[in-house]
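Student: Can we walk through this one together? I'd like to start with the strands.

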Amino acid sequence: MQNSSALFVLDKNEHSRQIIRSFTENLEFINEVKLYSDYKKGIEDLKQYSDPIVIVDITDDNSDLNGIVDNIKLITSKIIIISMDYSTNTIINALRLGVKEFLPKPVLQEDLVRILTMFASVSPEDEDSQSKIITVYSNKGGIGKTTIAINLAIELAKVTKDKVALVDLNLQLGDISTFLNLNPPFDVNYVIQRLIDKDDDIFIKGFEKYKDNSLYVLSDSSYIEQSGSITVQQISELFRKLKKVFSYIVIDMSSSIDPVSLKILDESDWIMFTTIVNIPAIRNAQRCLNLFRSRNYPDDKIKLVINRYMENDEIKIDDIENTLGEKVYWKVPNNYFTIMEAINKGVSISEINPESNIGSNFRDFAAKVSDDIIEQAVIQYRTKV
Ligand SMILES: Nc1ncnc2c1ncn2[C@@H]1O[C@H](COP(=O)(O)OP(=O)(O)O)[C@@H](O)[C@H]1O
Ligand SMILES: [Mg+2]
């Protein structure tokens, strides 16, 4: 089935805008062609349309390409980048932004129509976002959730070079900003409260880029009193927006099981369910896994992570797996001094000592997560075609 869409052309060159109009105005699946030299205005108008297609020319000015594409991606993923410069670098940059289509200028009618036809046969609901929400959870405090969320996210950004978000949804007692020594201009509560305003600028600006990584951090609030009023609907809306912009979204959260926490867990693709090796922690983990089972989570959603692992522990991995009825997905070694130094200096473990047992462990952990996600995507793709 073909859907009918509006086509937005953001191009500084009048002549080239008109050419694209002439190529496309008689296509039955394009119901309107809108031309803009002012990109900001185009993006503003875009918000009024459902499932639009956008062509963006980046020949003249691609200094803020990142920001432009991020804003468009919040509304549609049907984006075509066009440019007079079609060096390998430009094309790779476009693909890195998560834009799937690139055409050199001058655009050929045949190429453009081919892409538009393909877009028209995909409805927004069919679009299977490949992005994954990975939530680090434990129903006990002090287990290492924040440590794992932060270091996994940083290493994921390094290993994949994809856009990774680290989001602090420990809404009352978040501490990512302390762990990473950040001073966010907007905090997570502020951003969540404004999601429905369609003010996508706030959404994007809420994130602080972490050093020269492709990691973007949305961190905790310093205003505890603001956090009570967040609803489950706001969590859904937040996740929907995150998935449009980021390839991997790593969530740190509290250990409570209230409706908002359950919503976060329900809507996560993967839960890095973390425990340490001692009897009370494992008992707790058992209860929590029963809860997950009662919610019918798919088998591969729960990844059991053992933190502060020591080879010579009295309780063996086999015992844990037998007790919990769950295979261990990953073990993070115990290394109190390196972690404490990282926390005290407000940096990641890899910045303290990348070659320590725990530094290399997080690198391998991230590589495994990204390999497994890609493998899962390939399997899903194969079963579809
Ligand atoms: N693998 C580890 N080895 C040694 N200490 C750890 C490890 N992981 C976490 N810790 C320590 O445990 C404490 C709690 O960690 P944190 O990440 O804040 O847990 P949570 O977010 O679950 O409350 C921190 O002081 C941290 O240094
Ligand atoms: Mg924590």
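Student: How many bridges join β12 to β13?

Tutor: There are 4, and the two strands, β12 (residues 302-309) and β13, run parallel. Strands pair if DSSP finds at least two bridges between them.

Student: Is β13 mostly covered or exposed?

Tutor: Mostly covered: 5 of the 6 residues in β13 (residues 328-333) are buried. Buried means under 20% relative accessible area, with a 1.4 Å probe and protein chains only.

Student: Where do these values come from?

Tutor: This is a predicted model, where local features need pLDDT of at least 70 and side-chain atom pairs count only at 80 or more, while totals for chains, interfaces and linings use all residues. Residues are numbered from 1 along each chain, and side-chain values use heavy atoms, without hydrogens or water.

Student: New topic. Which residues have the most contacts inside the largest nonpolar core?

Tutor: Val-167, Leu-169, Leu-242, Phe-273 and Phe-292, in a core of 46 residues. A nonpolar core is a set of buried Ala, Val, Leu, Ile, Met, Phe, Trp, Tyr and Cys residues joined through side-chain atoms within 4.5 Å.

Student: What is Leu-242 in contact with?

Tutor: Leaving aside neighbours within four places in sequence, Leu-242 is in contact with Ala-165, Val-167, Phe-203, Phe-207 and Ile-249. Contact means heavy atoms within 4.5 Å. A second, separate core has 37 residues, including Leu-152 and Val-250.

How values were computed:
Chains lettered and ligands numbered in written order. Buried < 20%, exposed > 50% of the residue type's maximum accessible area, 1.4 Å probe, protein only.
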